[in-house]
Amino acid sequence: MYAILDIESTGGKYNEEGITEIAIYKFDGHEIVDQFISLVNPERKIQSFVVGLTGINNEMLHHAPKFYEVAKRIIEITEGCIIVAHNAKFDYRMLRLEFERLGYTYERKTLCTVKLSKKLLPGFESYSLGKLVKRLGIPITDRHRASGDALATVKLFKLLLEKDVDKEIISSNLKLNAISSVDQKLIRLVDELPNAVGVYYFSDSDGDIIYVGKSKDIKKRANQHFTSDAPKSREIQEHVTSIDFERTGNELLALLKENQSIKKLKPKFNSALKKSLFTHGLYAFEDEKGFINLSVSKLKSKENYITSFTNYQQGKAFMERALETYGLCQKLTGLHKTEGACFNYTIKQCQGACVHEESSESYNERVRQLIDFYDYQNKNMIIQDRGRHAGEKSVVLIENGELAGAGYTELNFQVENMSILKNIINPMQNDRDSQHIIQSYLRKSNHHLKILTF
């Protein structure tokens with residue numbers, strides 16, 4: 001759990017300042033679960049340059065609560081939390097200073113989004129909050145006021161958690177959403193998991209991630225791990241002490257994140273991705289009469305395929321649907337082995353490409369429609385789908401036919417501005433598995449899915 005905060009102060013000599021405004025958002029790694037925002041009477045003069053910067057003056061704070069009046073609420077909302085702030089050293093020092101004046105020792109773990117940003121977003125000219133959120137397309141209101149800056153820091157931190165592909169924040173016990181297992185009862189580990197699509201991480205007592213999985217229902221799938229008698233499940237049950245998760249909003253992001261995490265983290269109980277999940281591909285070739293033929297066969301390492309399948313049966317089922325959708329010929333799609341006309345021609349459901357009654361130009365036009373839709377080789381496109389909450393969209397960026405990365409947007413201009421989009425998304429390794437995952441997902445019927453080409 002995190003307490004993401006921002007503090008405005010009076011300015012002045014070091015350790016003689018006072019707090020004038022504080023905003024704290026309690027964040028569970030996914031959403032804000034509590035908040036506290038208040039002006040504070042610092043009982044000392046505000047420096048004139050600070051008044052010009054924040055707009056807060058002593059007259060505004062005349063009737064505001066003094067720090068001792070809000071101290072209990074600050075302790076309560078930050079209890080058991082890691083303090084997160086942009087330049088956390090300053091904010092944490094100010095809190096400790098005010099509590100010291102009351103004779104109380106205030107101690108919390110801290111995490112600085114400036115340091116995190118420099119590590120996870122290298123190459124930026126400036127890491128000031130204002131310039132950083134502008135580069136990332138994160139909206140910020142009431143700049144240099146505690147609530148506006150703290151809320152922008154929440155959105156920034158959420159993005160940084162996405163960028164943390166090596167899960168160092170999790171592994172260093174700064175958990176996305178750590179769930180304690182004090183009584184060692186496995187069922188307790190799933191109590192707070194959501195019935196939502198996403199990726200889950202099982203960790204052992206050393207904080208090492210030992211298993212990564214994805215599911216349309218995280219809670220249900222985790223429970224299956226803990227009730228199964230399979231040898232691997234029993235091993236996991238013995239070693240797991242905490243579960244972390246990421247909501248993804250849709251299955252495509254869950255599949256891509258699972259693929260990426262397993263390859264980067266190499267958890268000891270993951271083995272499924274060591275072998276290819278996709279064995280067959282759809283290939284096209286032109287016959288001596290100029291007709292484009294389609295065939296489903298085992299994947300060939302040096303040949304380009306249109307789309308891929310987990311097995312031959314899946315490929316055959318796809319071709320049978322494509323036959324009807326695009327008006328293709330059974331013979332030229334390998335579904336009817338014959339020297340003459342295909343069966344559909346005899347019942348007038350084929351336009352006669354198999355017996356050359358239809359011209360190759362006319363038939364090939366429909367075949368190319370299929371190829372253009374399913375083959376993204378050399379294409380530039382953005383795949384949009386549902387996000388993790390209302391108002392959010394997921395994006396997968398394809399450049400020159402290769403996966404560039406994925407992330408989430410809330411505003412249209414974040415998608416329309418490519419430089420902002422590239423800053424927001426989490427870069428992903430383009431490999432054969434990720435291509436298979438995307439192509440397989442694009443074949444599914446999904447009214448939330450939207451493809452933008454550029």
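**Exercise 1. The overall picture**

What share of the contacts in the protein with a separation of 6 or more comes from residues 24 or more positions apart? Work it out, then describe the protein as a whole.

*Solution.* Start with the ground rules. This is a predicted model, in which local features need pLDDT of at least 70 and side-chain atom pairs count only at pLDDT 80 or more, while totals for chains, interfaces and linings use all residues. Residues are numbered from 1 along each chain as its sequence is written, and side-chain values use heavy atoms, with hydrogens and water left out.

Step 1: take a contact as heavy atoms within 4.5 Å. Residues 24 or more positions apart then supply 62% of the contacts with a separation of 6 or more.

Step 2: look at the secondary structure. Helices (H or I, at least four residues) and strands (E, at least two) are DSSP runs, numbered from the N terminus; the protein has 17 helices and 16 strands.

Step 3: turn to extent and burial. The C-alpha trace spans about 95 × 55 × 35 Å along its principal axes. Buried means under 20% relative accessible area, exposed over 50%, and partly exposed in between (1.4 Å probe, protein chains only). Of the 454 residues, 53% count as buried.

**Exercise 2. Cysteines without bonds**

Find how many disulfides the structure holds, and explain the result for Cys81 and Cys354.

*Solution.* A disulfide is a covalent bond between the sulfur atoms of two cysteines. The test used here is a pair of cysteine sulfur atoms within 2.5 Å.

Step 1: apply the test. The count is zero. The closest cysteine sulfur to that of Cys81 belongs to Cys112 and lies 18 Å away, so a bond is ruled out by distance. For Cys354 the closest one is in Cys342, at 3.8 Å, which is also too far for a bond.

Step 2: check the surroundings. Cys81 is buried at 5% relative accessible area, and Cys354 is buried at 6%.

**Exercise 3. Salt bridges**

Count the salt bridges and say which parts of the chain the Asp34 and Arg73 pair ties together.

*Solution.* Step 1: apply the criterion. A salt bridge is a side-chain nitrogen of Lys or Arg within 4 Å of a carboxyl oxygen of Asp or Glu. The count comes to 16.

Step 1: Asp34 and Arg73 meet at 3.1 Å, N to O. Because Asp34 lies in strand E3 (residues 32–39) and Arg73 in helix H2, the bridge ties together parts 39 residues apart in sequence. Asp34 is partly exposed at 29%, and Arg73 is partly exposed at 28%.

Step 2: Asp431 and Lys263 form a salt bridge with their closest N and O atoms 2.8 Å apart. Asp431 is in the loop between strand E15 (426–427) and helix H17 (432–442), and Lys263 is in helix H11 (residues 251–265), 168 residues apart.

Step 3: look for a network. Glu392 bridges to Arg388 at 2.8 Å. Shared partners join Glu162, Glu246, Lys257, Arg388 and Glu392 into one network. Glu392 is buried, at 7% relative accessible area.

**Exercise 4. Backbone angles**

Locate Asn87 and Asn400, and give the phi of each.

*Solution.* Step 1: most residues other than glycine have a negative phi.

Step 1: Asn87 has a positive phi, near 75°, in the loop between strand E4 (82–85) and helix H3 (88–101).

Step 2: Asn400 has a positive phi near 50°, in the loop between strands E13 (393–399) and E14 (402–409). Asn400 is exposed, at 53% relative accessible area.
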